Amino acid sequence: LHPAIAETARALAPAAALSAADWELGDYWKAVFMHGIKTELQGGGRLVVTGGKHAAVYLLRTARWEEVGALLERVIQRDSTPATIAFALPALRQIAEATKDSELEFGIAVGLTNALFAAKRFDEAERMERDVIARCVARGNYRQASANTGNLINLLMVLGHSEEALPLAEDVADYTCRAGLGPWSQLMAEGLRLQLLNALGRYAEVLEAVERLRPEIGSLPEVSAAEEIATPWNVRESLLNIGLAAAMGLEQWQTMLTLNAEIFHYQEARGASAIELAHMRFNDHGPLIRMHLYSEARRLLEICRAVFEQNRDLPGLGKVFSALADLEEKDNHYDQSIHFEQIALRYKYQVGEPGDCSISHNNLAEYLHRLKQPATISLAHRLAAAVISLQTGSGILLRRINGIATSPLPRQPPSFAEVVATVEQIEGVRFAALFSRLPARAPDGEAAIAAVWEMVGREQGKREEGKRAREAALAQMPPAILEAIQSGDEARFRAALEKLPPEEQQAVFSQLEALMRQAGAPMETQAGPDMEKILQEFEPLLRGIAAVANGDDARRTEIEAALPEYEKHGWHLMGPVISLWHGERDLAVLTEGLDASDARLVQRILDYIGAAQDDNPTAA
């Protein structure tokens with residue numbers, strides 16, 4: 001109908017007829033919404049959003065508050081674009097006001113705080129969440145307390161308060177149990193804890209937990225016998241995404257591709273939107289670049305960029321331009337890297353997520369340094385990145401400190417005002433405003449710069465002390481051994497070593513082991529007689545680990561049960577074994593942080609893996 005005709009008909013129709021029409025139309029669009037829910041895993045996901053939006057209009061008119069509140073919460077969960085948030089937020093405020101002090105109040109508050117969160121109204125969302133949680137606990141409503149505490153944790157993570165949020169994860173688990181909620185809700189609570197550990201840089205711990213949970217989330221029934229406050233598909237995909245982030249932190253590229261493919265499969269099956277699928281596909285770009293598959297990475301990024309631009313997805317655009325900058329850097333096009341990273345920073349500051357801003361500042365500093373731009377500019381961006389990491393308690397702060405410690409530095413740091421003035425030369429970058437919203441681990445900007453500079457000084461001191469210790473240790477080596485080490489000739493080193501008595505050989509290995517521990521790298525030379533004995537003792541275990549890595553799972557359960565015992569006795573193999581079983585074969589990655597003895601065990605496993613694949617080229 002023409003709008004004017006429809007308006008005239010509404011004006012002339014009796015109130016009872018209009019109310020009946022609103023009720024029937026509400027039921028109709030709600031049925032569309034419910035059909036989308038029921039067929040979501042078969043591609044009906046779009047009906048959830050379309051039906052929900054249409055139904056909400058009629059449900060509001062007929063004051064069906066509980067129905068429309070629950071419906072809008074699910075709509076936002078699946079579509080958080082600005083247009084949908086702008087539609088939902090006024091409606092949820094209306095519902096909250098209408099249900100104040102009723103039994104529906106707490107449930108409606110969840111939807112409203114989710115919408116405030118999606119609309120970036122963080123302060124209002126946090127105040128509402130804390131108030132609702134306190135009232136839920138006081139009334140013994142643990143089901144609702146669990147849901148709202150989970151929302152609060154998500155909010156605090158976005159604001160960079162992950163350390164503050166970690167105790168709240170225990171509260172969620174406690175409230176979930178007290179409420180008698182089912183396994184999906186309990187898995188959701190565990191997912192919140194793992195997200196926080198990721199934010200604090202505890203990646204190996206997270207990936208191990210996700211790998212342990214994967215069989216359960218793959219086999220757990222979609223319909224639970226107990227009450228749930230979690231949507232199964234959302235919990236499953238969230239946990240896999242958490243593992244994906246941990247694998248990225250550990251630089252386990254093949255593991256990332258494996259997890260991402262699994263998530264993408266689940267999303268396609270439930271009819272996820274184009275923008276959601278684009279975000280999932282985007283996650284493949286990093287592993288592709290690190291594996292030197294540059295053409296594939298570029299095609300992927302351009303596809304994602306087009307989807308993000310069409311949907312005005314600011315977080316997605318910030319990420320895709322950072323990825324394009326990274327790709328240009330691989331071809332030594334640093335001017336293009338700088339250009340793309342500056343665009344990324346503008347988008348990231350519009351979003352306001354501190355961790356993403358820190359990453360772009362650090363990336364930009366590196367590109368500026370490689371293009372030999374003024375050192376004062378790159379230092380300002382490095383300090384901005386480090387200050388954000390300091391204030392948010394980020395697990396990557398040490399990386400930021402190491403980056404600054406290895407850069408050309410003046411005797412004194414620039415002032416906070418100088419850093420602000422330099423980085424804010426980029427249009428849209430509001431570093432001072434962002435800093436003012438961060439946790440106050442350092443009381444102000446000057447104190448934050450001073451704290452970072454002090455850590456940089458300590459790191460430089462450690463490096464210099466380590467250098468002197470290495471020089472002193474090398475000076476004590478037998479002359480022939482020292483000359484062989486300095487020449488880099490392994491055959492010469494072995495020949496010189498064989499001429500020494502056994503006790504002197506062991507002394508050389510002890511000295512080299514100590515040097516490698518100081519340098520944070522594994523000893524690459526052949527171990528002495530004692531290590532050979534250890535390798536013989538470990539041979540059955542090492543061959544079993546290699547067999548699993550090559551696709552034979554016969555001993556997997558036995559090995560998984562045995563590894564914690566080895567850890568207790570000082571053999572740190574659990575992390576490398578998980579990485580090996582997920583495709584990592586880079587010795588430097590696998591042995592990072594291990595001592596020489598553990599590194600030799602890992603090297604022997606790789607030898608067994610390679611030997612088996614040589615015998616059977618089709619092995620995994």
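Me: What should helix α9 span, and how far apart are its end C-alpha atoms?
Reply: This is a predicted model, where local features need pLDDT of at least 70, side-chain atom pairs count only at pLDDT 80 or more, and totals for chains, interfaces and linings use all residues. Residues are numbered from 1 along each chain as its sequence is written, and side-chain values use heavy atoms, with hydrogens and water left out. Helices are DSSP runs (H or I, at least four residues), as strands are (E, at least two), numbered from the N terminus, and the expected span is 1.5 Å times one less than the number of residues. Helix α9 holds 17 residues, 162-178, so it should span 24 Å, and this agrees with its end C-alpha atoms, which are apart by 25 Å.

Me: Which helices do the buried residues of α9 pack against?
Reply: Buried means under 20% relative accessible area, exposed over 50%, and partly exposed in between (1.4 Å probe, protein chains only). In α9 the buried residues are S162, A165, L168, A169, V172, Y175 and T176. Contact means heavy atoms within 4.5 Å. The buried residues of α9 pack against α7 (122-138), α8 (142-158) and α10 (183-199).

Me: Is N148 buried or exposed?
Reply: N148 lies in helix α8. Its relative accessibility is 0%. That is under the 20% limit, so N148 counts as buried.

Me: Which side chain is joined to that of N148 by a polar contact of 2.8 Å?
Reply: A polar contact is a pair of N or O atoms within 3.5 Å; within protein, one must be able to donate a hydrogen and the other to accept it, and residues adjacent in sequence count only if both atoms are side-chain atoms. Not counting residues up to four places away in sequence, N148 touches F106, V110, E129, V132 and I133. The side chain in the 2.8 Å polar contact with N148 is that of E129.

Me: What is the phi of R312, and where does R312 lie?
Reply: Most residues other than glycine have a negative phi. R312 has a positive one. It is exposed, at 56% relative accessible area. R312 lies in the loop between α16 (294-310) and α17 (314-330), and its phi is near 50°.

Me: What is the phi of K372?
Reply: K372 lies in the loop between α19 (354-370) and α20 (375-392). K372 counts as exposed, at 75% relative accessibility. K372 is not a glycine, yet its phi is positive, about 60°.

Me: How many aromatic pairs are there?
Reply: Rings of Phe, Tyr and Trp (its six-membered ring) pair if their centres lie within 6.5 Å; planes under 30 degrees apart count as stacked, over 60 as edge-to-face and the rest as tilted. By this rule the count of aromatic pairs is 7.

Me: What is the angle between the planes of F321 and F340?
Reply: The two rings are 5.9 Å apart, centre to centre, and the pair is tilted. F321 lies in helix α17 and F340 in helix α18 (residues 334-351), so the pair ties together parts that are 19 residues apart in sequence. Both F321 and F340 are buried. The angle between their planes is 40°.

Me: Why is the pair of F416 and F431 tilted?
Reply: The ring centres are 5.8 Å apart. F416 is in helix α22 (residues 416-423) and F431 in helix α23 (residues 431-436). The pair is tilted because the planes are at 45°.

Me: Which ring does the charged end of R236 sit over?
Reply: A charge sits over a ring if NZ of Lys or CZ of Arg is within 6 Å of the ring centre and within 35 degrees of the ring normal. R64 lies over the face of W23, at 4.1 Å from the ring centre. The charged end of R236 sits 4.8 Å from the centre of the ring of Y266.
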